[in-house]
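User: Could you help me read this structure step by step? I am new to helices and strands.

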Amino acid sequence: MYSISYKPKHACYKACNYAMRIPRFYKSYQRQQFFAESSFVCSRSRFCGKRPVTFPSVSGSPVNAPTEVNMNGYNRKSPQKRRYEMPKYAGVSPKKKICKKIIPQPKNTVAMLNELRHGLNYELESQTGPVHAPLFTISVEVDGQKYMGQGRSKKVARIEAAATALRSFIQFKDGAVLSPLKPSSNLDFTSDEHLENDVSKSAITVDGQKKVPDKGPVMLLYELFNDVNFECINIDGAQNNCRFKMTVTINEKKFDGTGPSKKLAKNAAAKAALASLCNISYSPMVVPQKNVPLPIDDKSSSMELPQIHADTIGRLVLEKFMEVIKGQEAYSRRKVLAGIVMTENMNFCEAKVISVSTGTKCVSGEHMSVNGAVLNDSHAEIVSRRCLLKYLYAQLDLQCNQATAYQSIFVRNTDGQYPYKLKSGVHFHLYINTAPCGDARIFSPHENDTGVDKHPNRKARGQLRTKIESGEGTIPVKSSDGIQTWDGVLQGQRLLTMSCSDKIARWNIVGIQGSLLSSIIEPVYLHSIVLGSLLHPEHMYRAVCGRIEKSIQGLPPPYHLNKPRLALVTSAEPRNQAKAPNFGINWTIGDTELEVVNSLTGRTIGGQVSRITKQAFFVKYGYLMANLPGVLVRKVTTDYGQTKANVKDYQTAKLELFSAFKREDLGSWLKKPIEQDEFGLAE
């Protein structure tokens, strides 16, 4: 493209430059032709003495501009102007816009029907299905006949109703079939375009696995419901450690969420609402859509406890803790909180909290007892399980009296080697506000380490670990000092206790009822484990059952490898950086008050024997053996350790568990000094 540059070199530049502004409304070739055919006179020529400037014709050749005389009497040669031949622009008219041909879009069935029949009214007949996947039924009356249509949105239902009406009086050529809309495979399940697929199934499951929604819980909640109201109702804690509580109200239903910030509390409340109303879960047990499935043979999808049940378990335990701690708020300080909830036929509306406990430490070696009068392990989840044992003894005690036998959770076992068994449908659920110490907690929460350890000379995962005396944390058993002896511990050797992860793995083989009760009842297993924070599906599964599932063998029936369901509550607990207290509390259903235990001494803060020690349970066991119907051996003549050793099936299952750990090269189970169990019943 050619262009002409004209810049006057005298005092009236601005006035002369006015001529240059006019052609800018034209195309470039029009501007050149305009200059070539026009003459401009400076509007201020009477001041500068310039004569009219004439542009040469376009068709001529370049010529020299005439010599001019300015006001000072000097001759000045006008600047030479360059001309350009524009043969291709000669006689060319301005370009015209070319409009693209508009392709008519096909009409949908509603538009087609409206052209044939005017004044039609579409009516909503019904709305069925869950709130996140409704199914609308719409009717239209044509010529006195009513036609129905269904769809995942009102728009689609209208289209289907119109299509039904059209088929009734229009003969389509060559057997053509009306296909109003086809959904895309990549559409979001909250969109109205998701028409023909089952929304609840296709949006949350892919290839049989549940998927975490791409959208955040608050955004998704606003899209699914119109009347959503968030409110901050409570703020607990100090300024640097606040705990916010948000409540969301939807259709007059309220859902709570807590968190260290209002944003996290709001997200937790939204997650609770989605889990309850739409069965949409953001649990880490659900495989994220953008990530590959976890390498645990797809077991996590079948091991997930429904989110609404997990939230109920966590809420019940927290509420019971706040209830029993009233009046003794000085002992409310804790790092780990645990509890056990019992349900019948998975009816969480009538769930009962069996036990609540706190604690993070173990007994000091100098306070070991030869009479079984101290608590060796005061970690919260271990204490809650001991509280459950107390409850089981109490339920068996009801069987001693025929008038109260119907109230017991146990029934007579007429077709087995055990006199009693749990009623059908009774389940126990363990809640811990964080991952149990040991293998389940050996991971980085902010790193993606779902892959196995590829180091050729070590197995960093699954190792048996021991707790440190009077401290927090665990170390691998291969780093320990081997066999523990009574005199060695008293002389200064550290007293080591197996980690909570290892003990839970043990419960999933031999049961949670203990060796003494194993002579009376069938094994009792945990149905689920709910965590308040730090749930990593792969590590948790490996820690509680996965590391021995390939090597365990030869278990005497009815012992088996139990695989509890796993879940994380929506209102996750924040990391507590405070120093752990040296005490723990425990409460069991039926207790009038909680018990506070000094974790370092293993006794109550008043120096008394705890109600959940070996000694207390051995006394209860002796009473049951003497009074429980259906028991063959009526008198206990051996000491505590030998009585446990006489339960053959339990001991066989326990030894097989220890062998499975060895076969996997995960270490050897570390036992306490045998002198701890060499005590008998008082006469």
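Here are a few questions with worked answers.

Analyst: This is a predicted model, where local features need pLDDT of at least 70, side-chain atom pairs count only at pLDDT 80 or more, and totals for chains, interfaces and linings use all residues. Residues are numbered from 1 along each chain as its sequence is written, and side-chain values use heavy atoms, leaving out hydrogens and water.

User: Is H7 parallel or oblique to H8?

Analyst: Helices here are DSSP runs (H or I, at least four residues), numbered from the N terminus. H7 (residues 217-224) packs against H8 (residues 262-277) at about 50°, with the axes 8 Å apart. Axes are lines fitted to C-alpha atoms, over the stretch in contact, and angles run from 0 to 180 degrees between N-to-C directions. Under 35 degrees is roughly parallel, over 145 roughly antiparallel, 65 to 115 roughly perpendicular and the rest oblique, so H7 is to H8 oblique.

User: Why does the span of H10 agree with its 18 residues?

Analyst: The expected span is 1.5 Å times one less than the number of residues. For helix H10 (residues 307-324) that should give 26 Å, and the end C-alpha atoms are apart by 26 Å.

User: Is Val142 buried or exposed?

Analyst: Val142 sits in strand S6 (residues 135-142); strands are DSSP runs of E, at least two residues. Val142 touches Leu113, Arg117, Leu120, Tyr147, Ala165 and Phe169, leaving aside residues up to four places away in sequence, where contact means heavy atoms within 4.5 Å. Buried means under 20% relative accessible area, exposed over 50%, partly exposed in between (1.4 Å probe, protein chains only). At 1% relative accessibility, Val142 is therefore buried.
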